[in-house]
Each structure stands twice: as C-alpha cells, then as structure tokens.
Amino acid sequence: MASASPAKKVLVPIANATERIEAVTIIDVLRRAGADVTVASVEKQLRVEACNGVIISDVLISDCSKSVFDLIALPGGVLGAANLKNNEDLESLVKKQAADGKLYAAICASPAMAFGTWGVLKGLKATGHPLFMEQLASSAIAVESRVQVDGKAVTSRGPGTAMEFAVALVEQLYGKEKADEVSDFLVMRSNHGDEYIITELNPVEWTPNDSPKILVPIANGTEEMEAVMIIDILRRAKANVVVASVEDQLEIVASCKVKLEADVLLDEAANLSYDLIVLPGGLGSAPTFAKSEKLVNMLKKQRDSQRPYGAICASPALVLEPHGLLKGKKATAFPPVSDKLSDTSEIEKRVVIDGNLITSKGAGTSMEFALGIVEKFFGRKEAIESAKIMVFVHP
C-alpha cells in the first residue's frame, strides 16, 4: 500500500461573532478530507461566542505564530470579520502566506474586510457577501461567483456557499477526485443557487406563533454541520431554540472533533414542552439518542400529541425507526443507512415532510432541511428571504 501523504495543515481562525455555519463547515469538510485543521481563537480565551452559539477552539492564535500552514481559511460574519481583521498575529500570518505563494481563503465579509484591508487581493479576482461587494471592489477585481479561485486566493459569499467553498479548498489541497468523494458523501446538491424543493405529503399546519420553541438535542459524535445549521438558521428566523446535551456535561465533541456547547442538559430541557423536537445526525451520536429513555419518551409524547418532530442523516434510521416513530410515515435518511427504514419509497428525496414529521439525508441537505422548518413555521417567503441573505439561493 502506498504510504499516505502527510496531512495538509490548515489554520481556521475564529473570533467572537464569527459566522458559525461558515466556520464549522470549513473545519468539518477539511477534516473529512484528511486535513490537520487547527481552530485558533483570536480572543483572549479558547471559548468563542460565535454568531448564534459557542465554538471552543483548539489553541489561541498567538500559539500559531511559528507554525507553517498549507492553507489559512477565514470564516466571515460582519463583526467576526472585523475581529479577525484587527488581530495582528493573524494579519502577519496571512501576509506571509500570500508572500510565500501558499493558499489563503476567506468567505462572506472577510474577503473585503480582512483580506482587502491587508492588501492581499490586489489585482486578483475575488468574491464576497453581496453586502460587501462595493467595499471589495476597492481592493480586488470583484466578481459575483459563488466561489472564486485566483492564483492562491480562494473566496466565497456566505453561509449558503460555505460547503461549496470548503469542497473547493479540498480540491486545491488534495485534487478533484478527493473533492468529489467528499461532496458525494455529504449528499451535496448539484444545482447550487437554485430554489430548493421540499417533498410534502399529508400537509398539516404547524401551529405558527411568534417564536416557536424548538429543542435540538446534541451528543458526542453529533454531526456538527447538521447541528449548527439547524440551530443557527432557526435562531436567525427568531425561533426560540434550546440546545440540550444528552451527555452529562454541556460541552460535546462532535463527529469531526469540533467542540460545541449546549444551553442545558436534557434533564432540565425535559421539563418544558416544544413546538418541534429535531435531531441532528452523526453515526456516533445516533446510538446515544436511541438509548436515551428520556429523549425517546419526549419524542413519543411529541408524536402522540400531534406536535412536529424531525431528524436528519443517521437519526431517522437509527433513532426514530427502531422506536416506532416512523410508523405509517414516509421518511428519508442518510444513504448508507436508509435501507433500515421500513418504508423506503421516499429515500431518494432530500427533505420529506409527512404531516408533523420532517426528515432529511445528511450534512449536504441540512440547509434545505432547516429552511423547510422555517417555511413550516414562518412561511415560504420568509424561508426564501433567509436563503437569499445566506446566499444559499441566488440573491
């Protein structure tokens, strides 16, 4: 067997107010490809209050000043990008990266705010969030691509392009074959930017109110992109999202080793009632969910009282199905485990709503899944507007 090439070293700096979907997607996708990703905080502490939730970094940026990276990739977020831009350690790392002819990348507000300000996009084609295109035009050749590669600079637009951006980074580091392998496994869609399609059977109204209360359980091994997209997109829509740890502490280590923090333990969350209980996936956490008597009882109560519940990826097949929670329902799931569903008639669909149940396939369908929930509670117009702000759908 040929010896594996050494892992590519990647730095992902994060700050307070960093766009969490972008950060987690970059980290997760690159780790899946085999890269050695260091998550570095530019704050004084490892725990970073990103947009809509916490990420716990591996190191502080000051610990990285002597390190050499094959790629430095900056997530966005308006205030997050400003916090990255103002960090001198990061600025000198990126300027050196560009001078050494190595890969450097940024998404959302960061191409204009950080890279533009530092002068590392001069004469290069670059893209960014629609709200920052004018600012970008003063420091780069601004183009409206979803992902733009020019020389060693890779740029992109927003949370809705983060997975495409991360896969493009995999291609730059490891080649097209690896990038295709990763995107197939993630169940990414091919028609990026188009309006998404949700399959709805037996439609019922999900009683909308001003702020639906939604429970998102997480555990060690939960797929971080799925969890974060569900939580953050619903919080953007002003839903009241409660993230509950099914472990005995709030901090969990997700499937690609991103460290997330729940709001409460499940025991505390179990005392309340919810307009929706929704399970992220992850082959590592699905058995934990399935073994949690408290969580399974909450799901059964939710179903019996005709209140919405849902799951994505491995969870429909490994949590809902064995507990009879898909009885008489159409569902979809992660392709490698979808044969475990007793009714496989809809498994090719990306998001399936059947009455009060919503299911979906995997990390690459998470945004459609979360937007499908937004649509059920707040309407299609609100969901499409959110999709456009995130640049998931062409603005």
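## Aromatic pairs and charge contacts

Five aromatic pairs occur in the structure, which is a predicted model. A pair of aromatic rings is described by the distance of the centres and the angle of the planes.

| Pair | Centre to centre | Angle between planes | Class |
|---|---|---|---|
| Y196 and F392 | 6.4 Å | 45° | tilted |

**F115 and W118.** Both residues belong to helix 4 (residues 110-118), where they are three residues apart, about one turn of the helix. F115 has a relative accessibility of 0% and therefore counts as buried. W118 is at 7% relative accessibility, so W118 also counts as buried. Together with Y104, F115 and W118 make up one aromatic cluster.

**Y196 and F392.** The planes of Y196 and F392 stand at 45°, so this pair is tilted. The pair links distant parts of the chain, its members being 196 residues apart. Y196 lies in the loop between helix 7 (176-186) and strand 12 (199-201), while F392 lies in the segment after helix 14 (380-389). With a relative accessible area of 2%, under the 20% limit, Y196 is buried. F392 is buried as well, its relative accessible area being 7%.

Which residues lie over the rings of Y196 and F392? The charged end of R380 sits over the Y196 ring, 4.5 Å from its centre. R189 lies over the face of F392, and its distance from the ring centre is 4.2 Å.

Key. Residues are numbered from 1 along each chain as its sequence is written. This is a predicted model: local features need pLDDT of at least 70, side-chain atom pairs count only at pLDDT 80 or more; totals for chains, interfaces and linings use all residues. Side-chain values use heavy atoms; hydrogens and water are left out. Rings of Phe, Tyr and Trp (its six-membered ring) pair if their centres lie within 6.5 Å; planes under 30 degrees apart count as stacked, over 60 as edge-to-face and the rest as tilted. Helices (H or I, at least four residues) and strands (E, at least two) are DSSP runs, numbered from the N terminus. Buried means under 20% relative accessible area, exposed over 50%, partly exposed in between (1.4 Å probe, protein chains only). A charge sits over a ring if NZ of Lys or CZ of Arg is within 6 Å of the ring centre and within 35 degrees of the ring normal.
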